[in-house]
Amino acid sequence: MSTETHELGGHIVPYKDLVLVVTALVILTGITVFVSTLDFGYAALNIFIAMAIASVKACLVSLWFMHLKFEDVITWIFIIFSLVLLCLLIGFSLSDEFLRITPKVNF
Amino acid sequence: MAATSVEHLHSDGHFVTPQDKYSSMKLGMWLFIATEILLFGGLFAVYAIYRAKFPEMFFNGRDELSLLLGTTNTVILIVSSFSIAMGVTAIQRGKKNLLTFLIIVTLLCGALFGVNKYFEYTAKFHHGIFPSTDIFFALYFMMTSLHMLHVIVGMAILFIIMIFNMKGKYSPSNYTAPEVGALYWHLVDVIWIYLFGLLYLVA
């Protein structure tokens with residue numbers, strides 16, 4: 001991995017690395033489409049695999065295409081903080097959906 | 001003395017050095033990306049709740065979508081993201097004309113994505129499927145059209161950057177705008193990667 005940097009302080013990602021990343025992204029797209037046609041018997045497993053592969057692809061795009069791998073701590077804090085908020089939002093919404101007990105009230 | 005500090009001011013006045021301007025503008029775009037994650041995150045939360053409540057509706061809805069068109073659009077956006085990432089490396093190395101060419105490739109990919117989306121939408125309307133059909137299609141149209149709006153905005157930003165680049169505004173010592181514009185375009189790609197998984201794949 002090259003450590004070439006620039007006078008502005010930005011990191012230069014070599015063409016070769018970008019080609020490797022795009023190849024991986026296209027292969028992962030093929031895998032996730034293929035896996036979506038399989039029936040494991042549990043829909044939850046399909047959801048988990050599709051989202052796991054999507055997350056790997058999102059990491060590849062952000063780390064290399066968006067240069068996040070070479071960014072400073074404050075940028076990482078912004079992104080991780082917003083992802084934590086996103087997990088709270090989706091996590092609490094889903095736990096409410098699955099765990100809520102509707103009281104039976106007789107008038 | 002005040003006069004000595006004025007000498008160090010960058011042309012825009014707000015920043016002491018070009019490095020300050022570069023890192024501030026990049027940080028600004030990352031902050032914007034954080035808010036965008038939460039904008040789409042709200043829709044993802046709605047999706048998660050209704051997917052849990054009405055699984056059959058989501059199975060049936062997904063079967064109406066064209067997996068071929070969805071996959072094609074995913075590959076198109078990945079290639080466009082790759083092309084603009086190559087463009088940033090090109091301008092960092094002083095290859096101005098290569099950046100112009102790669103932005104044109106990116107814009108063509110964006111336009112192709114829009115054409116595919118147009119055919120997908122009209123096919124749905126022909127089959128009598130509208131946002132009012134059910135919650136799945138309400139979410140489908142809401143999420144994909146909000147994403148399409150981002151594609152159009154991203155294309156406009158890259159087009160303006162391309163014009164400035166053809167006028168020779170960018171160089172290895174000034175590539176802030178191409179890099180920040182590319183960040184926005186990659187965000188559009190990342191959002192689509194999740195939309196593709198949620199709408200077209202999950203059964």
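Biologist: What volume does the largest pocket have?
Modeller: About 1100 Å³. Keep in mind that this is a predicted model.

Biologist: How many residues line that pocket, and which lie nearest its centre?
Modeller: The lining has 36 residues. Nearest the centre are Ser55(A), Leu86(A), Ile90(A), Phe44(B) and Tyr194(B).

Biologist: Which helices supply at least two residues of the lining?
Modeller: From chain A, α2 (43-65) and α3 (73-99) do. From chain B, α2 (18-53) and α7 (176-201) do.

Biologist: And which gives the most?
Modeller: α2(B), with eleven residues.

Biologist: What is the lining like by class?
Modeller: It has 30 nonpolar residues, four polar ones and two charged ones.

Biologist: Switching to chain A. How is it divided into domains?
Modeller: Domain 1 covers 1-70 and domain 2 covers 72-101. Their C-alpha centres lie 21 Å apart.

Biologist: How many residues does the pocket lining draw from each of those domains?
Modeller: At least three from each of domain 1 and domain 2 of chain A.

Biologist: New topic, the largest nonpolar core. Which residues touch the most other members?
Modeller: The core has 84 residues. Phe65(A) is on that list, along with Ile33(B), Tyr47(B), Ile103(B), Phe136(B), Tyr140(B) and Leu199(B).

Biologist: Which helix gives the most to this core?
Modeller: α7(B) does, with 18 residues.

Biologist: Back to Tyr140(B). What does it touch?
Modeller: Leaving out residues up to four places away in sequence, Tyr140(B) touches Leu65(B), Lys117(B), Glu120(B), Tyr121(B), Leu199(B) and Tyr200(B). Leu199(B) is also one of the core residues that touch the most other members.

Conventions:
Residues numbered from 1 in each chain as written. Chains lettered and ligands numbered in written order. Predicted model: local features only at pLDDT ≥ 70, side-chain atom pairs only at ≥ 80, totals over all residues. Heavy atoms only, no water. Domains from an automatic or database assignment. 1 Å grid on protein atoms, 1.4 Å probe; cavity = no way out; pocket = protein on both sides within 12 Å on 5 of 7 lines; lining within 4 Å. Points joined across faces, edges and corners; volume = space filled by probe spheres on them. Helix = DSSP H or I, 4+ residues; strand = E, 2+ residues; numbered from the N terminus. Nonpolar A, V, L, I, M, F, W, Y, C, P; charged D, E, K, R; others polar. Core = buried A, V, L, I, M, F, W, Y, C linked by side-chain atoms within 4.5 Å. Buried < 20%, exposed > 50% of the residue type's maximum accessible area, 1.4 Å probe, protein only. Contact = heavy atoms within 4.5 Å.
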